[in-house]
Amino acid sequence: MLAQMDTLGQYGLTTVKQYGKAGILLARALLRWPNLPKNFPLLVQQIYAEGVLSLSIIIISSLFIGMVLALQGYHTLSKFGAAQQLGPLVALSVTRELGPVVTAILFAGRAGTSVTAEIGLMKATEQLSSMEMMAVDPTQRVIAPRFWGGFVSLPLLTLIFNAVAIYGAYLVGVQWLGLEAGTFWSNMESSVDFRVDVLNGIIKAIVFGGVVTWIAVHQGYDAKPTSAGIAAATTRTVVHSALAVLGLDFVLTTMMIGGW
Amino acid sequence: MSSQRVLETWVGLFMLAAIAALVVLAFKVSGLTGFFRGDTYEVTAYFDNIGGLKLRAPVKVGGVVIGEVDQISLDPNTFRAIVKLRVESKFNDIPTDSSASILTSGLLGDNYIELTPMYGQSYLKEGSTIEYTHPAIILEKLIGQFLFKVGGTQNANQPKVAATKVSDH
Amino acid sequence: MNAIVEVQDLHFSYNGGKPIFNGVNLSVPRGKITTIMGPSGTGKTTLLRLIGGQAEPNQGRVIVDGQEVKNLSRRALYQLRKKMGMLFQNGALFTHLSVFENVAFPLREHTNLSEEMIRSLVLIKLQMVGLRGASGLMPAELSGGMARRVALARAIALDPELIMYDEPLTGQDPITKGVLVKLIRNLNDILGLTSLIVSHDVREALSISDYVYILAGGKMVGEGTPEEITHHGSPEVKQFIEGSAEGPMAYNYAARPLEDEFVGGG
């Protein structure tokens, strides 16, 4: 019994230490980021690597998600004779929840893991160490650009996700299932409020962007410098990101529904 | 560094796409019409019961949106609700004796304020008060009234039935 | 100050683990090549990290160019590091940059030189290590020896005063070893550098060193010029120089007596 307590205690302590290390890393990445003109190209590179290269998976996923939502929604709503509410159904689901959450999780899988692996490998092959010895701060040059790159990319990706998903729903609902285009869009317009729905979704995306990238960067930096270590770190990035996103989504939704 | 140029172009396109998406979401999806950050004037109305009226609920005349609810508070003396409405300045010819009612959008929708213009000569402006108001229709009270009426009819019928039965024997 | 690096009574262990250094003293004279040798795992790389300020001693002092490394602010430490070049064991080239960009990296970071100047300097350094023609390649396309030479070019890009080599010859074929060894000596003399080599390639290291330290068990077990070391009386030094498994330094990992393993427990 005591042995179990001991293990539990140790586990708790290591977790707290992990959070501490992650916090310090984040603080350093945020604070040691002056020097904007010189390091701006690095940021651009990272927005490209994390944002632009994630576009294909985001667009394809959102298209399918929009289409499926419309399909399922139509069949269920028709039973209540409420098929013209398909527009609002899709738009609200996407802008409030699916957009930010799914984009964040896909982003964690695609860009998060690549950031983790990159930083982990750079640490393992002593590239970060050699940078330090050349009097260049690896936090400024490697970690911070990747962090800000993700932070900026995720809201942008979410916006694109939302628009494409709704377009996908339009394709299925109007072009295929024959709903009236005018009703579709006008019902949507009257049910979706820009501030409450779209903007809150973007706020979620900004929060998720920070959290997911933070997790990715920290896992990479803290990974054990072996191939197994890096593999474990990338897995942890995806798992922790997914859990964090879902948990935060609940918290944020509660706050938003209560009117902040 | 031409590959840097290429990257920057792609990132620029990416951001443009996101902004375009935002614009579509704003105007096509949520019907944002550049609301009243411009010229508006504030009008106050007192209600006995505002029902489910929320902040930023629309204010309509003849079904057309002319403003929104800006503030809801309670008068500590009369215990009536004080509702401040913000109306777009271009609608500056609403008579001061118009009445304000709280209606429901559809059968189960949100509450909004409908102004019914009257025939007065002076018009609402900044700081005006609307004199005539109709409170919101509370569904439960309505149902209660209906049930009460129905119950009353049934009670009135019963003695006649009993009387008929007795006389048959 | 004739010594660019002074280590006094150094005690160090990682996170309270096994002590790596138990009272080590050494000094690295300017303009000369000093080699630190010893069995694997005695913390030779750790010593370089202590000198570079990537770790702090538990006890004792590490003084570089007259400044105690532990007490330096981050900015001062970075200033100090600009005067040092370090060659890591595996080169540690930036894999996403070409050879040219790798060598140009310190120049771009720490100087405001024009592109042409940077180009000239990079090509000069690459020429010194004999790899000017490889400037367009990516690190993944280089052999181990070539990668190390590029890393060397990068380490001397800012014309440092001190260069530290972490096992530069380990795992290289004889030709590369010979080339690297000559390169180290030439660079030292031509550029007026001080070189600190950590190695266990006895023959090659002794051939170019001006002074040698032998580290074992967390302590200095011998020091002197290559001449003195080869004829050193101490048994530890002898074992190391001759490369024999018998001697005071344990070769076998501590284990139960052989008989017990096979006969005893069964």
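This is a predicted model: local features need pLDDT of at least 70, side-chain atom pairs count only at pLDDT 80 or more; totals for chains, interfaces and linings use all residues.
User: How many helices and strands does chain A have overall?
Analyst: Chain A has 9 helices and 0 strands. The C-alpha atoms of chain A fill a box of roughly 65 × 55 × 35 Å along the principal axes.

User: What share of chain A is buried?
Analyst: Of the 260 residues in chain A, 45% are buried. As for contacts in chain A with a separation of 6 or more, 87% of them join residues 24 or more positions apart.

User: OK, on to the interfaces. Which pair of chains has the most contacts?
Analyst: That's chains A and B, out of the 2 pairs of chains that touch. The contact takes 25 residues from chain A and 19 residues from chain B.

User: Which helices of chain A supply at least two residues each to that side?
Analyst: Helix 2 (36-50), helix 4 (86-124), helix 6 (138-176), helix 7 (181-191) and helix 8 (194-222) of chain A each do. Helix 6 of chain A gives the most, with 6 residues. By class, the side of chain A that touches chain B has 17 nonpolar, 5 polar and 3 charged residues.

User: And how many residues are in the contact between chain C and chain A?
Analyst: There, 14 residues of chain C are in contact with 10 residues of chain A. On the chain C side, helix 2 (74-82), strand 6 (84-87) and helix 3 (99-110) each supply at least two residues. That side of chain C divides into 7 nonpolar, 4 polar and 3 charged residues.

User: How far apart are chain B and chain C at their nearest C-alpha atoms?
Analyst: 11 Å, and the two chains do not touch.

User: Let's talk cores. How many residues are in the largest nonpolar core?
Analyst: It has 141 residues, and those with the most contacts inside it are Ile160(A), Val212(A) and Met164(C). Helix 6 of chain A gives the most to this core, with 20 residues.

User: What does Ile160(A) touch, leaving out residues up to four places away in sequence?
Analyst: Ile160(A) touches Ile58(A) and Ile59(A) in chain A, plus Ala17(B), Ala18(B) and Ala21(B) in chain B. Apart from that core lies another one of 20 residues, among them Phe47(B), Ile66(B), Ile94(B) and Ile102(B).

User: What about chain B itself, which domains does it get?
Analyst: The domain assignment gives domain 1 (1-32) and domain 2 (40-138). The centres of those two domains of chain B, taken over C-alpha atoms, are separated by 41 Å.

User: What pattern does chain B follow along the sequence?
Analyst: Chain B reads α-β-β-β-β-β-β-β-β-α, with 2 helices and 8 strands in total. Buried residues make up 19% of its 169 residues. Of the contacts in chain B with a separation of 6 or more, 64% are between residues 24 or more positions apart.

User: Which residue in chain B has a positive phi although it is not a glycine?
Analyst: Phe79(B), with a phi of about 55 degrees. Phe79(B) sits in the loop between strand 3 (64-74) and strand 4 (81-88) of chain B.

User: Is Phe79(B) buried or exposed?
Analyst: Phe79(B) is exposed, because it has 8 other C-beta atoms within 10 Å and the cut-off for exposed is 12 or fewer.

User: And in chain C, where does Ala92(C) lie?
Analyst: In the loop between strand 6 and helix 3 of chain C. Ala92(C) is not a glycine either, and its phi is positive, near 55 degrees. Ala92(C) counts as buried because it has 25 C-beta neighbours inside 10 Å, and buried takes 20 or more.

User: Last one: which helix holds Pro235(C)?
Analyst: Helix 9 (residues 235-242) of chain C. Pro235(C) is partly exposed, with 14 other C-beta atoms within 10 Å. Pro235(C) and Gly222(C) are 13 residues apart in sequence, and their C-alpha atoms are 9.8 Å apart in space.

How values were computed:
Residues are numbered from 1 along each chain as its sequence is written. Chains are lettered from A and ligands numbered from 1 in the order in which they are written. Two residues are in contact if their C-beta atoms, placed from the backbone, lie within 7 Å. Helices (H or I, at least four residues) and strands (E, at least two) are DSSP runs, numbered from the N terminus. Ala, Val, Leu, Ile, Met, Phe, Trp, Tyr, Cys and Pro count as nonpolar, Asp, Glu, Lys and Arg as charged, and the others, Gly among them, as polar. Domain bounds come from an automatic or database domain assignment. A nonpolar core is a set of buried Ala, Val, Leu, Ile, Met, Phe, Trp, Tyr and Cys residues joined through C-beta atoms within 7 Å.
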